[in-house]
Structure formats: structure tokens, C-alpha cells
Amino acid sequence: MPYENRFVKVEVDRGLARVTLDRPSANAVSLEVYDELRRTFHRLGEDPTMRVAVFTGAGKVFCGGNDVNDFVDLDFDQASEYLAHVRLTFNAMYDCPVPIIGAINGGAVGTGIVLASLCDVRIASEKAKFALPEIDVGVLGGSRHVMRLAGQGMTRMMMYTGRRVSADEALQAHIVDQVVPPEDLMSTAMALAEEIASKSPPAIRLAKLGLNRTEFMTLKEGYEFECTLTAAVRRTPEAKEGALAFLEKRTPSYAMRG
């Protein structure tokens, strides 16, 4: 069954999903786009055949932030309801059981930098720019998500000034993990997706669960929880296949489950 979205396009091939935000001209996010993103990542995570997703923007912009038209006439109650949709969407991406690779092809500002931060790995084009520009229109943005990556100093500088940060500066600040020429962006992201997809699917899903759950735990609490996941994954058929393949010096063969 195809994904019936207006602005969030999804292509699936062998358990790899390519998710493209496509709302010309700046891929600005409206309430409808938030809902499409939430439904899309929920559905990807619930599909047992899905192994990894690559998330990018159409054209020259990754995501230009919120559609400011949505905020002009919002009263307090409407704003609270709107932001509840935003939080549910961000949670759906963070909690999506399959890894998400962000292919940041251009500007990632406001909501765009948050969407990038919710990906498991971020690969940026040399032309990418990052910003928290909400202060320039008198509102606040998703700095807490950015702070997971950039730390206090860089996040506060971006939050207080709205200043744009280059791809190289974002790499130094750990906002992104790799910077590549624009023409190499999708091939680099897809190569990483293929590599992840070649691993044991239940192990990858449990690895993401463990990384998410332990992120804010203490060292001892986190490793204790991780041990429960390790015990669980060792009971899967894929664990046996992986061990046999290692001993037999061959590539493991993991069946698609559906």
C-alpha cells in the first residue's frame, strides 16, 4: 500500500526507505506536514520488513523551518494545540525503531535543524546551513534537541543570535557527522543505509532502542539495561546465523520478516 502523502514522499526498496520532504519552495513545515511526518515514521517503524530510512529534502533546501503563516493569528490555546502536534511528530522520529540517516542537502533552519537532530546519523552537503532563527520573529525553537548534539555554548549562541552556521562549523560542533560534496550526498547516505541494512534487523532495532533509552541514564544503569537487550537479541535466529556466518567466513543471510 503506497504512502498517501502530499508533501512527504516515500520510496521503499528492499527494506530501505527514502523519505523526502517536498513542499516547494523552502520545504516549510505546516500542521499538515507535521502530521504526514508523524504517520510516515510510525508506519516505517511498524513495518517488520523495514531496516533503515534516509531522510532528505527536495530541491536545494532540507527544511526552511515552520510556515510562519501558521503562527500569525494563533492564540494561546491554538498555539498549545499546534505545539502538541509538533512534539508528537518529533517523538515519532526519535522513537522510530529503525535508524534514520539524515541527508542534509541545504538549509536546515528552525524546525529543519530539529528534524536533522532527530536522525541517528547526519550527513551534510557542503552547501548545508544550520540555524535556530526563531528569535528573529519573536518566538522560540527546539533548542533542547540541538543541545543533545552541539552542547550548551553553541546552542545558546545560535538560539540568542539566530546566526547561520556552515556545514564545516556544524561538523566541528557535532551537529553533523560527515560533510561531503553536494553531488556525493545521496550516494554517501545510501551506501551507509545499505551497510546498516546488511546487519541483523532485530539487533539493529534493539541497538537503537538501547541507545535511545540509555542516553540519559547513568553509566551503570545504562549498561544494565543494555545487557537485557543483549540477552534478548541472542535468542533470535539472526544471532545464530551471524555466529555461524562468522565461523564459516561468509556473509550472513538475514531473511526479510513480514
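I started with helix H8, residues 219–233: its 15 residues at 1.5 Å a residue should span 21 Å, and its end C-alpha atoms are 21 Å apart, so the two agree. For the expected span I took 1.5 Å times one less than the number of residues. Helices (H or I, at least four residues) and strands (E, at least two) are DSSP runs, numbered from the N terminus.

A note on what I'm looking at: this is a predicted model, where local features need pLDDT of at least 70, side-chain atom pairs count only at pLDDT 80 or more, and totals for chains, interfaces and linings use all residues. Residues are numbered from 1 along each chain as its sequence is written, and side-chain values use heavy atoms, with hydrogens and water left out.

Next I asked which residues of H8 are buried (under 20% relative accessible area; exposed is over 50%, partly exposed in between; 1.4 Å probe, protein chains only). I found Gly222, Phe225, Leu229 and Val233. They cover an arc of only 90 degrees around the axis, going by the directions from the helix axis to the C-beta atoms, so they sit on the same side of H8. The face turned away from that buried side has exposed Lys220, Tyr223 and Glu224.

Inside it, I checked S5 (residues 100–104) and S7 (residues 121–125), which pair in the parallel sense over four bridges.

Methods:
Pairing = 2+ DSSP bridges.
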